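Here's a quick briefing on helix packing and domain layout. Have a look at the model, then read on.

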Amino acid sequence: MDNRALTRAFRLAAQLLELHGENPFKIRAYEGTASALEALSFPVADVERTGLPDRTGLSKTAAAKVAEMLDTGSFEELDRLLATTPPGVVELLKIKGIGPKKIRSLWKDLGIEDGTQLRAAAENDEVSKLKGFGQKTQQSILDALDFTDQSRGKLLYPQGEELAHELLAHLEAAPGTAQAAVSGEVRRRLETIETVLLVAATTDAATARQVLNGLDGLTADPRRSGPFAWRGTATASGVQVEVRLVSPAEFVNQLLLTSATDAHLNGALTDELLPGQPASLRQWLKREQFATETELYQRAGLQYIEPELREGLWELPLARQQKLPQLLEPGDLRGSLHNHSTYSDGTHSLREMATFLRDGGYEYLGICDHSQAAHYANGLPVERVRQQHQEIDQLNQELAPFRIFKGIESDILSDGGLDYAPAVLETFDFIVASVHSNLKMDERKATTRVLRAIENPYTTMLGHPTGRLLLRREGYPLDHKAIIDACAKHNVIIEINANPWRLDLDWRWVHYALEQGVQLSINPDAHHTSGYADMRYGVLMGRKGGLTKATTFNTKSVEEAAEYFARRKAGIKPPLDFQDSLFG
DNA sequence: GCCGTTTTCGGCCCGACTGTTTTCAGTCG
């Protein structure tokens, strides 16, 4: 059991205590335990049980519960709370916008025990009549229920990829399998996965089906399955699973058919067709069996198209002209910008964050702790900014040629302003501007707000443009075109936040951003040394939009990045002019 | 529940925002 699972258990216990109306200070104690576990930079499971209180700083009783969790997967108090709460009510805790107190009221006053009953009550206008509720709360509950319904049975990309590879290993081991591959949405690298799809070439489809039927964690759906396709769901997540079973000769064709959208398969191949010439990739696939994917594209007169580009958006015309970009590779990245340390809400110290990245072969770290308005995330008052800069100067001497750039993730305030006075802003090498508060603006307001931040000469980079949390929270609505155009005009880099929950800028806008000449940066937003690995997901999303080494900011060498930051800073006009125009 | 101690119980606590109120509770990051 890892620290995250432990943290989740104690946070759940705290929420359940609140749901049951127990002592607020007891609740706070459990939350404190959760936060303490979250902040630990080593795996608690590795610690000797007797040394737990000393190593973790937890009280004896909390440490005992942690030990119980590690040994049994739960602890008595949590079991008791779960036993006395209907499972459907526990589920309601996941809904954004209502917390334990409101759920308690729905449960105790209206007898609501799950999401279905909650929806019915809201639709019958019963919820708005409860004390402390009103029309707006009722509507936001309905909206949130809609969002959870849409998210049900979907996985984030990394979870989908993991499941796909587990299944792949089972299929490859099955007798009769000649070849198997992950296809579908996972192969196309979609940010969320509805169906995990694999293709297996087998001489013994019956055995392959038996293997799948016998797998723990899968529920077969015989009604939707047939001789050439096994269909079902992953029991835990409810995500759809589909395995196409084909003869070895059909393998490549099936892989091609399942790893592209209809738009890609049906798109026109030429402007003028010769008689009898296939008009689309699908027609080629109907006519011939291919031994490799490259062969199909060659026969169709196209440059080879990587699976992640097979969306039917802009890749076919470019492939016709042999002008597809050489896509970014993870190995092209030479530094990592936008990361957190213990100065704000990160788990690892500045030194740990730096040396880990250096030892991983990177040339530079951009540290961007939260700015002062982000109290919840321990944002940095001016004094702590100065402290951090001193430490960075020391570390830079010690760790050279590795370099730490002085960054900040400045909150974009409600009026679009940045979170420090110009005199402070100018002490940073670069500034990532992100929205973290007041997320419910309409599109016009939200866009104006972000535009102001982009126009601010101190803004080097726009952080997670929409604030979305995939499968959890819609981003605020934004006029992407206006935002990207402004970034082009004001020479602001846009981040592809590589955290699997965010993947924001959305890959669908990457191509447009590149057309406008905007540079993108693959930023992990790491709060822990393990977070750097997320950069891979950012690379995958960038590739979907046609991102290349040349158009990615953090493929620059440390010297190039330093020079860019310096040059950009030198171009900033005197701060007073700007203040006048912003607030005048 | 936890901490700290003038040792056995009193105090513990982020601030902004929203939607509900008519002075504040709940939620969020």
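Angles under 35 degrees count as roughly parallel, over 145 as roughly antiparallel, 65 to 115 as roughly perpendicular, and the rest as oblique. By that rule, α1 and α7 are oblique to each other.

Some ground rules first. This is a predicted model, where local features need pLDDT of at least 70, side-chain atom pairs count only at pLDDT 80 or more, and totals for chains, interfaces and linings use all residues. Residues are numbered from 1 along each chain as its sequence is written, chains are lettered from A and ligands numbered from 1 in the order in which they are written, and side-chain values use heavy atoms, with hydrogens and water left out.

- Two packed helices are described by the angle between their axes and the distance between the axes.
- Axes here are lines fitted to C-alpha atoms, for helices over the stretch in contact, and angles run from 0 to 180 degrees between N-to-C directions.
- Helices (H or I, at least four residues) and strands (E, at least two) are DSSP runs, numbered from the N terminus.
- For α1 and helix α7 (residues 100-110), the axes come within 8 Å and cross at roughly 45°.
- α1 passes α7 in a right-handed crossing; a crossing is right-handed if the near helix is turned clockwise from the far one by less than a right angle, and left-handed if anticlockwise.
- Gln15, Glu18 and Leu19 of α1 meet Pro100, Lys101, Ile103, Arg104 and Trp107 of α7, with contact meaning heavy atoms within 4.5 Å.
- Sorted by class, the contact of α1 with α7 has four nonpolar, one polar and three charged residues; Ala, Val, Leu, Ile, Met, Phe, Trp, Tyr, Cys and Pro count as nonpolar, Asp, Glu, Lys and Arg as charged, and the others, Gly among them, as polar.
- α1 (residues 3-19) also packs with helix α4 (residues 60-72), at an angle of about 120° and with the axes 11 Å apart, and that makes α1 oblique to α4.
- On the α1 side, this contact uses Ala5, Leu6, Ala9 and Phe10, while α4 brings Ala62, Lys65, Val66, Met69 and Leu70.
- The contact of α1 with α4 splits into eight nonpolar, no polar and one charged residue.
- The crossing of α1 past α4 is right-handed.

**Helices α18 and α19**

- The axes of α18 (residues 350-359) and α19 (residues 382-399) come within 11 Å and cross at roughly 35°, in a right-handed crossing.
- Leu350, Arg351, Ala354, Thr355 and Arg358 of α18 touch Gln388, Glu391, Ile392, Leu395, Glu398 and Leu399 of α19.
- That contact of α18 with α19 has five nonpolar, two polar and four charged residues.

**Domains and record entries**

- Chain A is assigned domain 1 (3-129), domain 2 (155-258), domain 3 (262-320) and domain 4 (334-583), with bounds from an automatic or database domain assignment.
- The centres of domain 2 and domain 3, taken over C-alpha atoms, are separated by 25 Å, and 11 residues of domain 2 are in contact with 15 residues of domain 3.
- UniProt lists residues 1-311 for "domain: DNA-directed DNA polymerase X" (unreviewed entry); its positions are given in the numbering used here, feature names are shortened, and annotations may be inferred rather than shown by experiment.
- Residues 1-311 are 51% helix and 11% strand, with the end C-alpha atoms 39 Å apart.
- For "domain: Polymerase/histidinol phosphatase N-terminal" (unreviewed entry), UniProt lists residues 335-414, a span that is 35% helix and 26% strand.
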